[in-house]
Amino acid sequence: MEETPQHTPVLLERTLELLAPGIERIAATGIVPVLIDGTLGLGGHSEAMLSRFPDARLVGIDRDTSALELSRARLAPFGDRFIGVHAVYDEIGEIAAEHAPDGVAGILLDLGVSSMQLDLAERGFAYSKDAPLDMRMDTTRGITAAEIIAEYSEFELRRIFQEYGEEKLAGRYARKIVQRRAERPFTRSADFVQLIADATPAAVQRAGHPAKRVFQALRIEVNGELAALEAAVPAALDSLAIGGRIVVLAYQSLEDRIVKQELQRRSSSTAPAGLPVELPEHRPEFSLLVRGAGRATEQEMAENPRATPVRLRAAERLRIPERGSERRSDSRSDSRPDARSTDSARGRRPARPPRPERAS
Ligand SMILES: C[S@@+](CC[C@H](N)C(=O)[O-])C[C@H]1O[C@@H](n2cnc3c(N)ncnc32)[C@H](O)[C@@H]1O
C-alpha cells in the first residue's frame, strides 16, 4: 500500500499565536477575515488555521499540483471556507484582490520544499535518492535541472552555484560538469552527485554532503525562487488590511535576507533626518512583531529536524499610505486610502465571500 505523504508543520503554535490578533480584529468589524496561505503544501498549517479561527476563510496557494490535490482532500471537511489556487505566490496581490477585497487578515509563507517533495524520489529534489534531474515544484511547466545542467554555460553554472548555493567550489564544479557533459549527458541525480563528490578535494570535504549546496542552487534556479519571493513579499504586505499580520518561515539565508530587508524597510519611518516632527505620511507602515528572527525550540528541532534552520519573521500592518505617498505602487490604496476610516465607514457589513476556485 502506498504511504500517505507527510509534512510536520514548523513553528505551528507560534504562527497561530502571531496571526490570531489580526483575525480577531477584522472579525470584530463584522468582516469575514480572509487568510492566505501562500505555501499550502500538504495543508498542515492551513488545517490548524481553519480549526483555530472558525470565523475565517482561507485561500491556499501552491504551484505544485500534487500538493494542492492532497490538501484539497485534507481540507474538504471545511467546505467553502477553504479555496485552493494553483499559482506561484508572486501572484498573491491579484489573488488577494479577488478573494479579500477588504484586505487580508493574515498571510503565511512557509518557504521552500515540503517533506513530501523531498521524499518522492522521482521529483529529483533529494541528492540522496537516485532520480531524474527534475526539481520543478510545478511539474506542468518550466525548465528542469537536467536541462540547466545540459545547456547552461560554464559561466552561468558557476554563477548560480555561487549566488544560490554560496558554494566556494562553484568554478571547479562548473568546469567539471561542462567537461563531463561533452562526453555523456547527465540524466539522473546519482550520476551527477557522483561527479560532484569526485570533484570535491578530500582536503575540503566538510561536514554535510558535497552536493547539498549545488542542489539548493539548482532548485532555486529551476523554480525562480528568489525572484518570486522578491515580488511576493511586497505584494503580500500591500494586500494586508490594517491590523492584518504576516508570518514568514525561511529555511535558508538567501530567502531570509529578502524577507528581513523588506519587513525592516516597511517598518521604518521615512522621515528625513533632522525633521523635528514625524509627519503622518512618514510613519512606518508596519510594526515588526518579533525581535530578530524566531527560532524553533530544542524540543521541536529534536522532534522535527526540518525545523532546525527555520527563521520566523512577522509584522503587522499599521497604516495604508495615502494615494501618491506610498513607497511602492499599492494598487489597493487607490480605492481604500485608509482602512481605519474604511473599516468604520463600511460599518459591520459582511465581506463578500471568496469566489470559488479559479484554477485546478
Ligand atoms: C514548506 S512547504 C509548506 C508546508 C505547509 N506549511 C504544510 O504545513 O504542509 C512549501 C510549499 O510551498 C510551495 N511553494 C514553494 N514556492 C512556491 C511559490 N513560489 N509559489 C507557490 N508555491 C510555492 C511548495 O510547492 C511546497 O508545497
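View 1. Strand 7 (residues 311–317) is largely enclosed by the rest of the structure, because seven of its seven residues are buried; buried here takes 20 or more other C-beta atoms within 10 Å of a residue's own, with C-beta atoms placed from the backbone (12 or fewer would be exposed, in between partly exposed). Strands are DSSP runs of E with at least two residues, helices are runs of H or I with at least four, and both are numbered from the N terminus. This is a predicted model, where local features need pLDDT of at least 70, side-chain atom pairs count only at pLDDT 80 or more, and totals for chains, interfaces and linings use all residues. Residue numbers start from 1 along each chain as its sequence is written. In a regular strand the side chains alternate between the two faces of the sheet. On one side of strand 7 sit Arg-311, Arg-313, Ala-315 and Arg-317, on the other Leu-312, Ala-314 and Glu-316, and all of them are buried.

**View 2. The neighbours of strand 7.** Strand 5 (residues 240–250) runs antiparallel to strand 7, joined to it by six bridges; strands count as paired if DSSP finds at least two bridges between them. Here Val-247 faces Ala-314 of strand 7. Strand 6 is antiparallel to strand 7 too, with three bridges, and Leu-288 has Ala-315 as its bridge partner.

**View 3. Leu-289, in a loop but buried.** Leu-289 belongs to the loop between strand 6 (286–288) and helix 13 (298–303). Why is Leu-289 buried? Because 21 other C-beta atoms lie within 10 Å. Leaving out residues up to four places away in sequence, Leu-289 touches Leu-18, Arg-245, Ala-314, Ala-315 and Glu-316, a contact being C-beta atoms, placed from the backbone, within 7 Å. Glu-316 is 27 residues away along the chain, yet the two C-alpha atoms are 6.9 Å apart.

**View 4. A right-handed β-α-β unit.** Strand 2, helix 3 (residues 65–75) and strand 3 build this unit; right-handed says that, with the strands pointing away from the viewer, the path from the first strand over the helix to the second runs clockwise. The two strands pair in the parallel sense over five bridges, with Gly-60 opposite Gly-84 in strand 3. Strand 3 (residues 82–86) is largely enclosed, because four of its five residues are buried.

**View 5. Around the ligand.** The ligand is surrounded by 21 residues, with Thr-39, Gly-41, Gly-44, Asp-64 and Ser-114 the closest; the cut-off is a C-beta atom, placed from the backbone, within 6 Å. Helix 2 (44–52) and strand 2 (57–62) are the elements giving two or more residues to this shell.

Methods. Contact = placed C-beta atoms within 7 Å.
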